[in-house]
Amino acid sequence: MSFQALGVSALVVYLGALFVVAEISRRARRDLSPSDHFLAGRQLGVFVLFLTLYATAYSGNSLLGYPGEAYRRGFSWIMAVGFMTSIIVCFHLLVPKLRPLATRWGFVSPGDWVRHRFADDPGLRKLVMGVALLMALALANFLFAQLKAMGELAEEVTGGLVPYELGVIGLAAMVLFYETRGGMRAVAWTDTVQGLLMLFGLMALLSWLLVGAGGMGTITREIFELRPDAVLVPDGDEVRNWISTILLLGLASVVYPQAIQRVYAAKHGRTLKRAFSLMTFMPLTTTLVVILIGLAAIPRLGELTGAEADRVMPLLLGEWAAAGTPSAVAAVMVFIGALAAIMSTADSVLLSLGSVVAEDIVGRDRRDPGTTRLGKRVAAGILVAMVLLAMDRSITLWRLIELKMELLVQCVPAFMLAIHWRGLRAAPTFWGLVVGTIIAVTAVFVGSPRIYGFHTGVLSLGVNLLIAVGGSLAVARSTGGTDLRVGADR
Amino acid sequence: MRIETPSFTPRLYYADLMSRNSLLRRRARAVLLGLVVLLYVVSVPWYREAGATPSIVFGLPDWVAVALGCYVGVAILNSLAWLLTDLQDHDEEAP
């Protein structure tokens, strides 16, 4: 059986499985409320919650972009294991206080927390809108990147039988179908299947590479002969970038709307903490594996330059598939696993986008079933717009995608600081967010995404925090005192 | 009549201690998170001479092996810290 025939068969089986899951989850729904659609009725158990967190956190970029980055930068990209672990560490700053409030007050969207926390503050509406717009923009960028990756991968796995454009439209339609039919329940269940596929596929590919090369020690020595810089101790600029990336990714990923909504969706508090206690090991089984795959490609694939390095994973899979039928089957599984990772990120992003726009931007009530309908329509509309954009393969919004984290990290004060410090006020938090965003966006567009090795997003977060804290203290002084106690359990 | 007494094991003692003493749990969690921060500081090779040739440890350059060892430590300590986190919903009964 040819690789093309195997790829098409696997794709058909995979899409069929998604169709079945969508129908089962539709039958499992209890009512038409936003809580049931966007949060699966707050009934996600440890296993499903863990795998949906896993599949959502590891996107197409993690599986296709990280091996390319390891290939380009060498061993210093081990920092990716550090920043992926830091996400679960940084959740300690938010989740233990947010979760009890979310269940007590029935939060559905991220903006529900902001509305609850700053309920009586002047400037609340602006802050909710500012946070929601930043989140929606970051999510739309993220969705666009996933759609492009879906099209590329569908073409690759079917040997060109499914062209890029058909791949984008067909897979986007599939995501919209199961997200609309089954909501968070369908997303979480399909994520479970997708997470398992991704995990086993990557392990198999790494084993094949290590056995073929004669072990990691041989690979490291060969890399040292070809590109000594990839092995030597990194310089100061790279070290500062390492620290900055851990801070940026750790903090920004905690305010991902889809991550916050999974915190709301867990069945119990203890379910959530068990899922996090498992999630903390996943960078070692996924990020580390894709980094080693990228490094193993250096001696194996020779000199690849620029964007060519991003094709490290498909090139390796192509070589693997040519080694015989069992290898071809395994390679197709990895392709489907990567496609699954991309689709699982896209579906979560789409679901969150619907909720953020319907509730936080349009201002619909979280208890109204009409909000669910509006959220579905919004998701469909945004998806169609992004599919149309993605049709043009020459459009690259990579700079905007790079901006995603710099934008999201500006929401940190409205969540992490607000939950620990009662003195924080809405208006200064809003102005901090505006100034921080302007600095980050300007720096990226004038071509200075990093200063002295540090991301401008991290530096502008410092300015954002100064304005939020300084402004809140000034407001408190002018109105006669502030409550500086820790904890915001209002 | 024979009176049954529960067997005393370190695991049982630890579980009992952890479930009863939330203050101790909070302190243990804080210590674990402090160690996590320390491991992050050690994981980045800021203390090494830039451009130095490393030796190979477990098939990896030594500074990479140190970073990886630190991240394995972070994963273990962070996992324990999550298990010790007091994350009970307001309507949830204590385990």
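Over which residues of chain A does pLDDT stay under 50? In this predicted model, that stretch is residues 484–490 of chain A, for which the model has nine contacts beyond four places in sequence. For chain A as a whole, the mean pLDDT is 84, and 92% of the residues of chain A reach 70 or more.

Helix 4 spans residues 60–73, a run of 14 residues. From the first C-alpha to the last, helix 4 reaches 19 Å, close to the 20 Å expected at 1.5 Å a residue. Helix 4 also bends, by about 35 degrees at Tyr66(A), and a proline, Pro67(A), follows within four residues. Just after the helix comes Gly74(A), which takes a positive phi of about 85 degrees.

Of the 14 residues in helix 4 of chain A, 12 are buried, so the helix is largely enclosed by the rest of the structure. Tyr66(A), where the bend lies, is among the buried residues, as is Pro67(A). The buried set also includes three glycines, Gly60(A), Gly65(A) and Gly68(A), along with Leu63(A), Leu64(A), Glu69(A) and Arg73(A). What covers these buried residues includes helix 5, helix 8 (124–157), helix 14, helix 15 (312–321) and helix 16 (325–361) of chain A.

Chain A also meets a partner chain. In the model, 38 residues of chain A are in contact with 39 residues of chain B. Several helices of chain A each supply at least two residues of the side that touches chain B: helix 5 (79–90), helix 6 (95–105), helix 10 (216–226), helix 11 (236–254), helix 13 (269–279) and helix 14 (282–301). The largest share of that side, six residues, comes from helix 13 of chain A. By residue type, the side of chain A that touches chain B divides into 21 nonpolar, 12 polar and five charged residues. Helix 5 and helix 14 of chain A, both contributors to this side, are also included in the cover over the buried residues of helix 4.

Finally, chain B itself can be described. Chain B has three helices and two strands, and from the N terminus on these elements run α-α-β-β-α. Among the 95 residues in chain B, buried residues make up 27%. Of the contacts in chain B with a separation of 6 or more, 66% are accounted for by residues 24 or more positions apart.

Terms used:
Residues numbered from 1 in each chain as written. Chains lettered and ligands numbered in written order. Predicted model: local features only at pLDDT ≥ 70, side-chain atom pairs only at ≥ 80, totals over all residues. pLDDT = per-residue confidence, 0-100. Contact = placed C-beta atoms within 7 Å. Nonpolar A, V, L, I, M, F, W, Y, C, P; charged D, E, K, R; others polar. Buried ≥ 20, exposed ≤ 12 C-beta atoms within 10 Å, placed from the backbone. Expected span 1.5 Å × (residues − 1). Bend = angle between axes of the 7 residues up to and from the residue.
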